[in-house]
Amino acid sequence: MTGTQDAGAIHVVAAALIDARRRVLIAQRPAGKHLAGAWEFPGGKLEPGEAPSQGLERELREEIGVTIGPPRPLLRLHHKYPSGEVLLDVWVVRRYRGRPRSLEGQTLRWCDRAALAAADLLPADRPILAALRLPERLRSDSTRHYRVVSARELKALRRRPGLVGAACRSAAEAQAAAAAGADFLALDPVLAPGELAALCARVAVPLFARGVALERAWSLGATGINALV
């Protein structure tokens with residue numbers, strides 16, 4: 001299967017498929033494939049001209065025999081393997097029809113969060129674990145797994161217990177915070193739709209938008225919305 005290119009990278013889509021018991025599905029790469037034996041989130045390469053959400057729907061139908069409902073964006077990240085660079089476009093899928101089954105010789109496994117953290121995941125897939133700990137809405141009363149600091153405070157942090165996000169006052173500050181190692185970005189300003197979509201495409205960490213409905217934020221590429229007060 002051929003894939004599209006993004007600045008020299010192979011564009012791959014992957015799903016965190018979550019069942020009613022909040023378990024996540026992973027697949028083991030079969031013998032004969034690159035990095036055989038390692039585990040990954042199901043998905044595959046985009047075909048030329050294919051939108052990521054369309055490619056995800058096709059890949060999951062071909063690989064594990066399920067038909068998915070609308071997915072939500074989680075994050076986009078680049079990873080360099082010795083064989084080349086991959087742009088990994090990751091989505092959360094909670095609504096699907098059919099029972100996942102192996103259609104390409106891979107072993108499938110449902111994992112709770114502890115088993116998922118212990119799995120021998122591909123290096124490119126490991127950042128997904130942290131992103132899955134984040135909610136769809138950032139709230140002041142629900143910060144057990146994360147905290148939000150200013151972009152300036154982020155640079156001064158030496159130790160980071162838990163996930164640390166950066167509150168960003170502009171798209172430029174958000175890009176700088178992502179480069180400085182923020183686990184996620186919480187936008188303070190309301191960006192125009194085009195500017196928000198462009199920013200989501202540029203940063204490799206989850207982004208939470210301000211002043212937009214949740215499903216609209218997803219359609220523009222954001223992981224969720226910033227409801228912090």
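Which residues of the largest nonpolar core touch the most other members? I looked this up in a predicted model, where local features need pLDDT of at least 70, side-chain atom pairs count only at pLDDT 80 or more, and totals for chains, interfaces and linings use all residues. Residues are numbered from 1 along each chain as its sequence is written, and side-chain values use heavy atoms, without hydrogens and water.

**Cores.** I found I26, F41, L74, L88, L116, I128 and L132 at the top, in a core of 27 residues. A nonpolar core here is a set of buried Ala, Val, Leu, Ile, Met, Phe, Trp, Tyr and Cys residues joined through side-chain atoms within 4.5 Å. Buried means under 20% relative accessible area (1.4 Å probe, protein chains only). Strand 2, strand 3, strand 7 (72-81), strand 8 and helix 3 (127-131) each give this core at least two residues. Helices (H or I, at least four residues) and strands (E, at least two) are DSSP runs, numbered from the N terminus. I also noted a second, separate core of 26 residues, with L191, L199, A222 and I225 among them.

**F41.** I listed its contacts (heavy atoms within 4.5 Å). Leaving out residues up to four places away in sequence, F41 touches, among others, A14, I26, L116, D125, I128 and L132.

**H11.** I placed H11 in strand 2. H11 counts as buried because its relative accessibility is 9%. The side chains of H11 and D89 make a polar contact of 3.1 Å. Such a contact is a pair of N or O atoms within 3.5 Å; within protein, one must be able to donate a hydrogen and the other to accept it, and residues adjacent in sequence count only if both atoms are side-chain atoms.

Definitions and conventions:
Buried means under 20% relative accessible area, exposed over 50%, partly exposed in between (1.4 Å probe, protein chains only).
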